[in-house]
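Dear colleague,

I am handing over a structure for your review.

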Amino acid sequence: MYNVDLKRIESILKEIVEPMDFRIYDIQFNEVSRTLKVFIDREQGSVTIKDCEKVSSALSDILDNSDIIDFQYTLEVSSPGIERHLTRPEHFQWARGKMAEIILKNRKIKGYIREANQHSVRIAQDAEELIINYDEIIKAKITEEIDYGKRR
C-alpha cells in the first residue's frame, strides 16, 4: 500500500496551478496503477489538451524534485469532462442548475441540482424536491440532457 497525502499534494499543486489561470477540480490516486490523476478546470472557458500538457509539465517538475511521493508513479492531468464526477460540496455548488445522476445506497435518482451547501444538496425531480445529505451519496455525476435533432 502506498501512502499518498492527497490534501498535502493538492495544497502544493494549487500554488502552481492557480497562477496559471486554472483550478484543481479533483485529485485522485490509483494504488493499483500508481497513477496520480489531477483534474483541472477554469472558472471561465474550457481546458484544452495543450493546457493539460502545460500544467502537467509544471506539476511534474515540482513533484519530481520533492519528497511528496517517494516511489515511481504516473502523472495524468486532464479536464474533469462534461460528465464530471461530483465528490465535494463545492462541486455540487458549481453544478447548480445542471442535471445530475446520483447513486444512493438503495436507489439512483436523476434531477436538477437546485441548491447545495456544506452538508446537503437539493435536487428537483419531476414535481418534487429532495434534500440529500452528502454522506448518503455513493456516486454522483453531471449528465447532459441530449436533445436529439437540435444543434448546440
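The notes below describe what was found in this structure.

This is a predicted model, in which local features need pLDDT of at least 70 and side-chain atom pairs count only at pLDDT 80 or more, while totals for chains, interfaces and linings use all residues. Residues are numbered from 1 along each chain as its sequence is written, and side-chain values use heavy atoms, with hydrogens and water left out.

Helix 2

Helices (H or I, at least four residues) and strands (E, at least two) are DSSP runs, numbered from the N terminus. Helix 2 covers residues 49–64, 16 residues in number, and its first and last C-alpha atoms are 22 Å apart, close to the 22 Å expected at 1.5 Å a residue; the expected span is 1.5 Å times one less than the number of residues. Its buried residues are D51, C52, V55, L59 and L63, where buried means under 20% relative accessible area, exposed over 50% and partly exposed in between (1.4 Å probe, protein chains only). The face turned away from the buried side carries the exposed residues K50, E53 and D64. The packing partners of the buried residues of helix 2 are helix 1 (6–17), strand 2 (35–41) and strand 3 (74–78), with contact meaning heavy atoms within 4.5 Å.

The nonpolar cores

A nonpolar core is a set of buried Ala, Val, Leu, Ile, Met, Phe, Trp, Tyr and Cys residues joined through side-chain atoms within 4.5 Å. The largest has 23 residues, of which L13, L36, V38, I40 and L59 touch the most other members. Helix 1, strand 1, strand 2, helix 2 and strand 3 each give two or more residues to this core. A second, separate core of 19 residues includes L86, F92, Y134 and A140.

Two loop residues

Most residues other than glycine have a negative phi. D21, although not a glycine, has a positive phi of about 75 degrees. D21 lies in the loop between helix 1 and strand 1 (23–30) and, at 54% relative accessibility, counts as exposed. R34 also has a positive phi, near 50 degrees. R34 is found in the loop between strand 1 and strand 2 and counts as partly exposed at 28% relative accessibility.

Yours sincerely
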